[in-house]
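My entries follow in the order I made them.

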Amino acid sequence: MSGLLQDRVVVISGVGPGLGTTLARRCAEQGADLVLAARSAARLDRVATTITDMGRRAVTVATDITVDSDVNELARSAVEAYGKVDALVNNAFMHPSMKPFGETTYTHIRDSVELTVLGALRTTQAFTPALAESKGSIVNLSSMVIRHSDPLYGPYKLAKSALLAMSQSLSSELGGRGIRVNSVAPGYIWGEILQEYFEDQARQSGVSVDAIYQAAAAQSDLKRLVTEDDVASAIVFLLSDLAAGITGQTLDVNCGEYKA
């Protein structure tokens with residue numbers, strides 16, 4: 001039985017130890033071949049091995065998406081390897097400062113916007129010709145911070161809100177060329193990165209990691225946090241033909257903690 005992404009070529013930026021790795025696996029399970037991009041070549045090679053062990057192909061390109069030449073090389077390598085590109089997922093991530101604007105440096109804010117917003121714009125522009133040929137799809141990773149105004153997430157919300165506005169405008173700009181552009185806005189994603197953060201919080205407050213988890217999950221309708229697979233499922237859906245009529249939209253994946 002063919003998968004939702006059978007024989008399609010999916011480019012994923014920001015392939016780290018969390019969502020990017022899980023998403024690569026889930027795309028391969030649905031029949032896709034992958035182009036994996038991140039700053040760490042060693043990490044990419046490990047993920048690529050997992051993909052090829054599943055019987056799909058994977059190309060790795062060490063890429064800093066804040067550097068024009070790196071992004072251009074990523075696009076060139078992808079098309080050279082496969083002859084086409086069907087989908088792009090902008091997944092690069094920068095840790096929030098976890099401080100209000102008054103305590104966050106302008107350097108951090110600039111770096112966040114450069115990576116989150118302009119990095120996604122670079123990759124989008126570099127892959128637009130190939131995606132126009134394939135009538136492809138782009139998914140940008142937003143965040144549930146766009147749904148609240150917690151001061152500790154102000155600088156992070158600035159970047160993610162700008163990314164969302166850009167995504168909506170790109171949907172209008174690129175729609176005439178057959179390219180769909182959507183966003184996924186996850187809540188806290190339970191995985192290695194969040195677990196390490198909760199462990200640090202638990203040490204500081206003298207409670208268990210489970211207590212930290214339960215306090216965070218209590219805010220959601222489902223009383224749990226989303227998993228990497230939950231978010232990956234939403235992305236795979238938006239990349240697939242099941243979402244052929246959906247563009248310019250944001251799919252919230254937060255177990256009901258916030259309503260759009």
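Entry 1, second largest cavity. I began with the second largest cavity and listed its lining: Met 144, Gly 187, Tyr 188, Ser 220, Arg 224, Leu 225, Val 226, Asn 254, Cys 255 and Glu 257. The model is a predicted one. I noted a volume of about 40 Å³ for this second largest cavity. Sorted by class, its lining has 5 nonpolar, 3 polar and 2 charged residues.

Entry 2, largest cavity. I counted 2 cavities of 30 Å³ or more. The largest cavity holds about 50 Å³ of space. Its lining consists of Ser 13, Ile 65, Asn 90, Asn 91, Ala 92, Leu 115, Thr 116, Ala 120, Asn 140, Leu 141, Lys 160 and Leu 163. I sorted these by class and got 6 nonpolar, 5 polar and 1 charged. Helix H4 (106–134), E5 and H5 each put at least two residues into the lining of the largest cavity. H4 gives the most to that lining, with 3 residues.

I then turned to the largest pocket and read off a volume of about 1,200 Å³. Its lining has 47 residues, and Phe 93, His 95, Pro 96, Tyr 156 and Ile 193 lie nearest the centre. Helix H1 (19–29), strand E2 (33–38), helix H5 (154–174) and helix H6 (192–205) are the elements giving two or more residues to this lining. The largest share comes from H6, with 4 residues. By class I found 25 nonpolar, 14 polar and 8 charged residues in the lining of the largest pocket.

The protein chain is divided into domain 1 (9–187 + 227–252) and domain 2 (190–224). The centres of the two domains, taken over C-alpha atoms, are 26 Å apart. I noted 6 residues from domain 1 and 6 residues from domain 2 in the contact. Going back to the largest pocket, I saw that its lining draws at least three residues from each of domain 1 and domain 2.

Which residues have the most contacts inside the largest nonpolar core? I found Val 10, Leu 34, Val 184 and Ile 235, in a core of 33 residues. At least two residues of this core come from each of strand E1 (9–13), H1, E2, helix H2 (41–53), strand E4 (87–90), strand E5 (137–141) and helix H8 (228–239). H8 gives the most, with 7 residues. Apart from this core lies another, of 24 residues, with Val 11, Ala 37, Ala 78 and Ala 120 among them. Ala 120 was already in my notes, as one of the residues lining the largest cavity.

I listed what Val 184 touches, leaving out residues up to four places away in sequence. The list runs Val 139, Asn 140, Leu 141, Ser 142, Ser 143, Val 231, Ala 234, Ile 235, Leu 238, Leu 251 and Val 253. Ile 235 on this list is, with Val 184, among the residues with the most contacts inside the largest nonpolar core.

Is Ser 142 buried or exposed? I call Ser 142 buried because its relative accessible area is 5%, and buried means under 20%. Not counting residues up to four places away in sequence, Ser 142 touches Lys 160, Ser 183, Val 184, Ala 185 and Pro 186. Lys 160 also lines the largest cavity.

Methods
Residues numbered from 1 in each chain as written. Predicted model: local features only at pLDDT ≥ 70, side-chain atom pairs only at ≥ 80, totals over all residues. Heavy atoms only, no water. 1 Å grid on protein atoms, 1.4 Å probe; cavity = no way out; pocket = protein on both sides within 12 Å on 5 of 7 lines; lining within 4 Å. Points joined across faces, edges and corners; volume = space filled by probe spheres on them. Nonpolar A, V, L, I, M, F, W, Y, C, P; charged D, E, K, R; others polar. Domains from an automatic or database assignment. Core = buried A, V, L, I, M, F, W, Y, C linked by side-chain atoms within 4.5 Å. Buried < 20%, exposed > 50% of the residue type's maximum accessible area, 1.4 Å probe, protein only. Contact = heavy atoms within 4.5 Å.
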